[in-house]
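Welcome! Please take a look at the chain below, and then we can walk through it together.

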Amino acid sequence: MKTKKPKHSAGVASVTAQDVLPENTTIIPHSAPIYTTSTYLYESPEKAQRVFEGKEEAFIYSRWSHPNAELVERKLELLETFGLNVKAKALVFSSGMGAIGTLFQSVLKPGDAILAQGNIYGTSVDYFNHYSAAFKTEVIYADFANLNQLETILRQKKNIKLLYAETPSNPTLNCYNLKALSGLAHRYKAKLAVDNTFASPYLQQPLKFGVDFVVHSATKYLNGHGTGLSGFLVGRDVKFMGKEVWKIRKLNGTICSPFDAWLLNIGMKTLSLRMDKHCTNAMAVAKFLEQHTAVATVNYLGLKNHSDHALAKRQMKNFGGVLSFELKGGYKACLKFLKKIKFCQLTASLGTIDTLIQHPASMSHYFVPKQQRETFGITDGLIRLSVGIEDVQDVIADLEQALR
Ligand SMILES: Cc1ncc(COP(=O)(O)O)c(C=O)c1O
């Protein structure tokens, strides 16, 4: 490759990546390096022209795509379609919200409506409410367990183009029937999108149940260590993903940075190991909380008395690492309890190797209107716990002392 050889200066700008590689060698590192470059070079102007015309494939500009992004995209496609006879295309974003916003912008046109589950991540609600006004679209919230009610809405409102589910749901830990929901959406010529963040593709593959789009906050389990932000949008219409969705990501500038994609790639390598441990730890914590006299209810899909246990058992490989619970003393008891927590970390995120605890009504779901929060079970007395991969006895001991 022809490299830049300036005649009049020898500053750092004159050194390109090619200058540090031996001539005519193919360097294939075991561990992917971080491609911290905003643009890519061409051997000739003819090649540049062919690449811009789309006649030849090459990296152009890192807002369009870059090697660290493509690496994690291919990996997520394999995870979401593993063992299935399904094709899918994944695109990686700077955050989960970047993926959700791009889904919204690429599927909905002015005059269309989105039918969304009421108990989803707070900022997803905030996004839908905010942009429905700006984009002249409509958002309707409903209980996704009530299929008859959903069908009535779909029959009445012909402009619904997208159903938006989240299962398991944040923070109430309900499980929704993806096969039934995709069948219903398709009967009414709508698409079904699912936020698969809580399960991760290791525990749940929505494409298996006919789902059209899968979104992830990869900031959570896929990264796994709380070290960076990222998100994914996966679609079974490969052409639509490669053209429409890719174009909106390019125009919005919401691709994941090479550094965050590099961190994500490292995290994804240990996804299965971490998820297995998250699940066994969460089950142990749920059983501890269930028998505690200060606890009113425990929402964990692994508990046999959870109303969605049988469905989760059919739809998921295991029950996940997040649970939520209500204290008998309500909001006041929550504050007292959270002040005493020492080992668990008080923060609004989830899905990291460390155990994270938070109060949805005043933190992650603060921006959801109070009435909607309460309708969908996000009460002032609810606490969400994302159980990490530590020795579970340390987590239980902390909860026990804080509940005293
Ligand atoms: C279920 C769920 N979906 C989406 C998001 C948004 O992801 P991000 O924070 O990476 O934008 C979150 C964030 O907490 C989440 O919990």
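## Around the ligand

A residue is near a molecule if its C-beta atom, placed from the backbone, lies within 6 Å of it. This is a predicted model, in which local features need pLDDT of at least 70, side-chain atom pairs count only at pLDDT 80 or more, and totals for chains, interfaces and linings use all residues. Residues are numbered from 1 along each chain as its sequence is written.

The ligand has 15 residues around it, and Ser-95, Gly-96, Met-97, Ser-217 and Thr-219 come nearest. At least two residues of this shell come from α3 (96–107), and at least two from α4 (122–134); helices are DSSP runs of H or I with at least four residues, strands are runs of E with at least two, and both are numbered from the N terminus. By type, the shell holds four nonpolar, nine polar and two charged residues. Here Ala, Val, Leu, Ile, Met, Phe, Trp, Tyr, Cys and Pro count as nonpolar, Asp, Glu, Lys and Arg as charged, and the others, Gly among them, as polar.

## The chain as a whole

You will find 14 helices and twelve strands in the chain. Its radius of gyration is 23 Å, close to the 22 Å that the globule rule gives for 404 residues, so the chain is as compact as a globular protein of that length. That radius is taken over C-alpha atoms, and the rule is 2.2 Å times the number of residues to the power 0.38.

## Two domains

An automatic or database domain assignment gives domain 1 (67–268) and domain 2 (271–403). Their C-alpha centres lie 24 Å apart.
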